[in-house]
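The structure is shown first for reference.

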Amino acid sequence: MQKQAVVWLNDDLLPLSQARVSVDDRGFLYGDGFFETLRAEDGRVFFLAEHLKRLRASAQAFRLSFPAGIPWEKRLQELFAANGLFTGSAAVKILLTRGEAPGLGLPATLSPTLVIYARPYLPPGPEEYATGWPVVVFPERRTTFIGRHKSLNYLFYLAARQYALDQGAREALILEADGSVSEGAATSLVLLLDGRLVSPAAASALPGVTVAVLARSLKRRGKSLEQTPLSLSQVEQADGLWLANSLMGLMPVSSLEGRPLPLSQETSRFLMDCLAAEAIKTG
């Protein structure tokens with residue numbers, strides 16, 4: 001019989017079947033909360049400090065109490081042990097909501113809800129990284145300051161991803177209201193443009209942990225990853241485009257709106273090596 005999954009709910013390590021959140025929790029009622037998704041390999045979590053820093057910053061920006069004194073590493077190790085995740089790849093999710101707090105606006109609460117869970121993760125196969133993913137442009141543009149936070153208000157991004165799937169693609173590019181390129185539905189973007197590595201600077205884009213780590217690794221090598229506003233036409237003319245997130249790392253893009261994009265295997269290997277070098281430093 002398969003062992004039942006176990007999760008952290010606040011300070012309790014519980015079987016998934018026993019983990020319950022109130023219907024009055026503002027995360028359920030309003031999407032009033034934030035989350036982070038991390039990758040682990042053989043029980044080793046990548047870039048935990050960077051993810052927690054982003055989560056804490058979002059909580060502070062929205063007046064949400066960030067739990068103090070959490071032994072994050074210890075809790076994650078206990079979670080992996082309980083779920084048999086010390087071997088292979090795992091996806092870790094940390095969710096923080098305002099909990100139960102009546103009132104309008106962003107009411108103070110002394111009891112935020114914290115959930116930490118992990119599951120096995122099957123990354124894309126080598127053939128996918130070699131051939132890349134087809135990408136389309138989501139027709140609904142978006143400008144919102146909430147986009148700069150990994151909020152539980154996630155329906156827009158799910159709709160964008162579903163649009164991509166319906167078009168036979170794997171990811172959707174999101175545009176700002178002015179038509180400039182923002183990000184992917186679940187990814188940040190890295191481009192090779194006129195010999196420069198660049199990432200879109202956009203008012204509504206989430207500051208990607210993977211992009212920040214990649215920029216740090218490139219800097220160690222005397223190179224840079226520039227943040228600059230980008231038009232869709234510039235992306236279409238790129239010499240390479242990669243999707244970046246914490247689970248899959250860097251995925252090359254094979255086509256945009258059905259038009260092939262160059263696949264630079266040499267640049268892909270270099271960028272992936274840069275990211276892998278930073279992951280090793282977290283061990």
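1. The model is predicted: local features need pLDDT of at least 70, side-chain atom pairs count only at pLDDT 80 or more, and totals for chains, interfaces and linings use all residues. Residues are numbered from 1 along each chain as its sequence is written, and side-chain values use heavy atoms, with hydrogens and water left out.

2. Buried means under 20% relative accessible area, exposed over 50% and partly exposed in between, with a 1.4 Å probe and protein chains only. Strands (E, at least two residues) and helices (H or I, at least four) are DSSP runs numbered from the N terminus.

3. β7 runs parallel to β14 (residues 249-256), to which 3 bridges join it; here V135 stands opposite L256. β7 also pairs with β8 (residues 171-175) in the parallel sense, over 3 bridges, and V136 has A172 as its bridge partner there. Two strands pair if DSSP finds at least two bridges between them.

4. Together with helix α5 (residues 155-166), β7 and β8 make a right-handed β-α-β unit. Right-handed means that, with the strands pointing away from the viewer, the path from the first strand over the helix to the second runs clockwise.

5. In β10 (residues 188-193), 6 of 6 residues are buried. S188, V190 and L192 point one way, and L189, L191 and L193 the other.

6. β10 pairs with β13 (residues 240-245) in the antiparallel sense over 5 bridges, with L192 opposite G240. β10 and β11 form a hairpin with 2 residues between them, and D194 in the turn has a positive phi of about 55°.
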